[in-house]
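Open the model in your viewer and keep the selection tool handy. We'll go from one residue out to the whole chain.

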Amino acid sequence: MVEVTVTPQSSLADRPVQVRVRGLSPSQLVTLRASLTDEHGECFQARAFFRADGAGEVDPGHHAALGGSYAGVWPMGLFWFLQPDTLFRRLVKRDVAGSPFLVRLEVFDGLRLLTGPQDQPLASCEAERWYVAPGMQRVPIREGRVRGALFLPP
C-alpha cells in the first residue's frame, strides 16, 4: 500500500518539513504534486518526478527530482516552487493569524505533466502551513503614512 506523509503535519510556513513516500515498487517512476488554493480561490501547484529507491521509497530531501517544477535535491522544493495556474498571480496570505494554508500532497504513478479528474493518486495527505505561532498578539500600526502590524510573542 502506497503512503505519502509530511512530518510535521502542522508547522510554521518558514519551518522545514519532511515529505516521504513509501510502499512503491523499486525503481518505480512517480510524480509528486503539491497544490493549494489561496484565499481568493486561485490554485497553485508544483510537481516533481522521482524514481523510487531499492526499498520503494522517495524522499525529496535525499533523492533528486528528475524534472517537473524543479530538478535536483530540494527537500522543500514542492513548497518553494508552487506556481499559479493563472499567470501573473502571487501567493499571498492575507489572514495570517486565523487559518493556515492547506497544502495537498499527492503521488501519481508515472510521469504526469497534467492531471485530470480521471487521474486518481496512489496516495495523498495534507500539510498545514501556519504564518503565526499560537499565542502571538497582532498590534496594528498607523503612524502618519506608515501602515503595518507588529506581532508580539506571548
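Is Leu-150 buried, partly exposed or exposed? Select Leu-150: this residue is partly exposed, because its relative accessible area is 39%, where buried means under 20%, exposed over 50% and partly exposed in between, with a 1.4 Å probe and protein chains only. Before moving on, note that this is a predicted model, where local features need pLDDT of at least 70, side-chain atom pairs count only at pLDDT 80 or more, and totals for chains, interfaces and linings use all residues. Residues are numbered from 1 along each chain as its sequence is written, and side-chain values use heavy atoms, leaving out hydrogens and water.

Next, pick strand 11, residues 146-152, where Leu-150 sits. Strands here are DSSP runs of E, at least two residues, and helices are runs of H or I, at least four, numbered from the N terminus.

Now zoom out to the whole chain. You'll find 1 helix and 11 strands, in the order β-β-β-β-β-β-α-β-β-β-β-β along the sequence. The C-alpha trace spans about 60 × 35 × 25 Å along its principal axes. Of the 154 residues, 36% count as buried.

Last stop: select Ala-13, Phe-79, Trp-80, Arg-129 and Tyr-131, which lie nearest the centre of the largest pocket among its 14 lining residues. Helix 1 (77-80) and strand 8 (101-109) each supply at least two residues of that lining.

Methods:
1 Å grid on protein atoms, 1.4 Å probe; cavity = no way out; pocket = protein on both sides within 12 Å on 5 of 7 lines; lining within 4 Å.
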